[in-house]
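Subject: Structure for your review

Dear colleague,

I am passing on the structure we spoke about, and below it I set out what was found. Please read the notes with the model open beside you.

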Amino acid sequence: MIKMKHKRKPLYVLIPMLLMALALTVSAAEIKHRFVATDESGNQLLYVDQTNPQNDWTIPLPGNRDIQILKEGTVLATVPTGYHEYDLKNGKRIKEVDAGKGILSLVRLPNGHTLLASPNQVIELDKNDKQVKDFPIQAGGSLRLLRLAKNGNILYTSSGTSVKEVRPNAEPVRELDLTQFDPQCNKPYFLEELANGQFLTTTGYGGTLLLLDKDWKQVKSFGGKGKIDGTLVNFFADAQRLSNSNIVVANWTGHNRKDSKKGPQAIEFDKDGKVVWTWHDPERAGCLHGIEIIEETKVTMPRVLIIGDSISLGYTPLVAKMLQEEAVVMHSKGGREIGANAGATDRGIKYLEKYLGDEKWDVIHFNWGLWDLCYRHPDAKAYGHRDKVNGTISIPLDQYEKNLKAIVTRLKKTGAKLIWASTTKVPEGEAGRIVGDEIKYNRVAASIMKQHGIATNDLYALTRSFNKTLSVATGDVHYKPEGSQKLAQQVAESIRTAIEIKNQFQWKSEVPEDCPFEPSETLDGIFFTGRHSDYQCGDTFYPSWASDGHLYSPWTDGTTDGVRCSSGGNMKNGYRTGHAVMTGEDPVNLTIKNTSPPKRGYAAPYRGRYPCGSLVHNGIWYYGTYCLGPSASYTHSGFRWNWPNLGPMPGFQISKDLGKTWTDSPLSATNPLFPEPAKFMDPVKMGAPHFVDFGKNMEHSPDGKAYLLGMGAEVDDPNPRPCITAGEHGTVYKINEVCKDRVHLGMRPGEAKSELKGVYENAFKEVKGQPFAHGNLSWVTADQVYLSRVKPSPQTINDPKAYEFFAGHDPQGEPVWTSNFAKIKPLIEWNNNMGCVTATYVPGLKKYLMCVTDGWPTVAKMNSYILEADKITGPWRMVTYMKDFGQQGYFLNFPSKFVSDDGKTLWLCYSANFSDGWNGVKLDFNPRGGRYGLSLHEIRLQMK
């Protein structure tokens, strides 16, 4: 389904915007962004929505330099005396904070505090914007932007050619002259530490972006003056690395407003340094020095804290690298006076608050033991005064138990998933430790962890298997890099498991009272394990498992494998849908590639055409599409709908070489596969049909036939969906049972002329003056589900006479099949509660699972439910009803390739939140890890 943040607008929408002189420069990949930018020469703050320019706003804001977008849907912006906070939806000022003079940069901290920086000072405000501390900074009167490193140090740039890191007390840590990487560097604008431990900076007048490693050695360089053909590069200011590794930078071209005409105001590079997007609108804005893209697919990675002794200090950097794409991993700091080594449990109790800091941790991996069981004597010569002969044990076993209980009690209050690491092996010859004491201490710790339900990462068992060559020296508890690597692997795996467990939950089933389905007698809901994918793809994925072991799927509306599709049709260019192959056995580690370039087609007399039923059988790929209207963004009574009318199914394109080449369907929107609708824009029954997934090469089909499920509604619906009008700002919508308005559909002003114009005009004349359907049957809403079947072959798949249709049950309860479409009957129905439908056969359970989404009113939260049946013809029973799933989840299906042998573990495939922000509705991703695009979540069926 077209996503309004990413789709390509039909020509009838674009032309009026072009007449309004909206000069947008978009790359061949047709990337479109939502972003906030600071306009230095225009003294303003602006919000740009390239897909929906009607959402744009601009406000005067002299002296603004720095911005930060918050997940609450607001943006913070500096002013010389402090900062303001604005609502992203309308630019309305929410807060104005006066806190100082000469403010140039800000950072909102995870604990809700705010840092404000001037050239000589940084002040910290609490959640109520009251100053709680300040510390000096020496920026020579010319501070650019200030950022915080993960270790709490300050990163900043000023006049000159260097980037700097200092401690909060202004003590220098390191400085790097960027001219060694870019000789033209002058006044670098910012330095930021990325989630993976790398650093990003810009060289100001050098016009380059630099990606640095943790030691500030160059990893990659982007841009440079004279290095981008046809593009003026003047001064690279603020920049942002996106979740797909692309980097967007503000290209400042001068202090005067007219300087914005010299070159693009913003540039986006892909990971290989290729320019993939630019923005240039000198009528709208002057020269930008700040930009922040709003990423709909951005998901915050879990934060992991490791607390422990020097053993943990050895493996933590390795764990962080192993999990750099999955979590942010940090070791406890404690500050300069305390140090990072957590020592014995008495130190742990004393300094635990400092180790935890102010951050919210998702997982805490912790250990105390080696210091506790160590014997020390003040006169001992061994490092640390270790002496197991004359010394005294640091923390006796009974006190260790008390201390550890206290620590665990405090750690549990964090709400983090806790992992206890058992104490590593004490080697023979250790100067201050007795071999075997670690077993005693581990036994006490194990009892405490069992009592509190805390998982144990058994590092003792692991190190017990180490040979002596992994130790730094004979009798040393520390390990060489090879030993730390082995420890890190096990620690990383325990953290992965903890993240998954923390994210596990059973979706609460909230079945409406008027539900016509009886509850399942065997299945009692679904449990999300927490494992999920993170693919940056388009949506509309319906994988089919082919005999070669791969999955083949349609897709559209987004970018997959570097190719973009946008499937809203128009008279000139038609729609584009993609064809992808998904290889691999692990659902979270698939390789997704296009099998061929996206195909163009036409939807006339409708205005959208989207992928639906997709099947690969005996090496032949059948790929269906369906039509929609009147437009992807249709406003009625002040409320914006998305494709509120579902149209016919124009047949299947066919590929005999697994998607490399295609034969088009001989059918069309005016000559569809099924004889419907009776009249243009009337309801259909076999709408947006999808093949029942019978497994690899359709191996579990009961009769060798392919079955298609469609969604539909009656022409004379006695109880249609109600009319709605736009609500007050920030509310969802208002429901009106009676709608007096009548829709007037027709050509838009300025719409392009073509040979198809007459087709559109005649078609839309048919519905002029008719009541608006209110999404009663749309791309994601329906009243019934219908069923048909066909023996798949290139000769039959587009032959209407080859199909049979489910026509109900006979008196004996047996299904009736007919070749007469007029006799088709609903397989199931629930008025005003049905929509997009798919089904998968689960051999381990000998059951069918059906996914249905009711997405009324097409642009708000959506409800999905799962039904089960022993036969495809029913009876169907309710497994779970997932209110607000996604919160706007759609296109749900269970790919058969990822169903376990017992049928109890599956992967739910879906997309989410395409219309975030429409009609004032703000959507969150639920479950976590969902996205606009391709989402795969592991689920387990709960048995009764």
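Are Arg433 and Glu430 buried or exposed? Arg433 is buried, and Glu430 is buried as well, where buried means under 20% relative accessible area, exposed means over 50%, and partly exposed covers what lies in between, with a 1.4 Å probe and protein chains only.

Before going further, some conventions. The model is predicted, so local features need pLDDT of at least 70 and side-chain atom pairs count only at pLDDT 80 or more, while totals for chains, interfaces and linings use all residues. Residues are numbered from 1 along each chain as its sequence is written, and side-chain values use heavy atoms, with hydrogens and water left out.

Salt bridges

Side chains of opposite charge can pair when their charged atoms come close. The structure holds 33 salt bridges, a salt bridge being a side-chain nitrogen of Lys or Arg within 4 Å of a carboxyl oxygen of Asp or Glu. One of them pairs Arg433 with Glu430, with 2.9 Å between the closest N and O atoms.

Another pairs Glu804 with Lys705, where the closest N and O atoms are 3.0 Å apart. Glu804 lies in strand β51 (residues 804-809) and Lys705 in the loop between β46 (687-691) and β47 (706-712), so this pair ties together parts that are 99 residues apart in sequence; helices (H or I, at least four residues) and strands (E, at least two) are DSSP runs, numbered from the N terminus. Glu804 is partly exposed, with a relative accessible area of 24%, and Lys705 is also partly exposed, at 22%.

A further salt bridge joins Arg721 to Asp854, the closest N and O atoms being 3.1 Å apart. This pair links distant parts of the chain, with Arg721 in the loop between β47 and β48 (723-725) and Asp854 in strand β55 (residues 847-854), 133 residues apart. Both Arg721 and Asp854 are buried. Through shared partners, salt bridges also join Asp703, Lys705, Arg789 and Glu804 into one network.

Helix packing

Helix α2 (residues 310-322) packs against helix α7 (residues 481-502) at an angle of about 60°, with their axes 8 Å apart; axes are lines fitted to C-alpha atoms, for helices over the stretch in contact, and angles run from 0 to 180 degrees between N-to-C directions. That makes α2 oblique to α7, since angles under 35 degrees count as roughly parallel, over 145 as roughly antiparallel, 65 to 115 as roughly perpendicular and the rest as oblique. The residues of this contact (heavy atoms within 4.5 Å) include Ile311, Tyr315 and Leu318 in α2 and Leu487, Val491 and Ile495 in α7.

The axes of helix α3 (residues 345-356) and helix α4 (residues 397-412) come within 9 Å and cross at roughly 15°, and α3 and α4 are therefore roughly parallel to each other. Among the residues that meet here are Ile349 and Leu352 in α3 and Ala406 and Ile407 in α4.

Backbone details

The peptide bond from Ala604 to Pro605 is cis, with omega near 10°, and Pro605 sits in the loop between β39 (591-601) and β40 (608-617). Gly629 and Pro630 are likewise joined by a cis peptide bond, with omega about -5°. His385, although not a glycine, has a positive phi of about 55°; His385 is partly exposed, with a relative accessible area of 41%.
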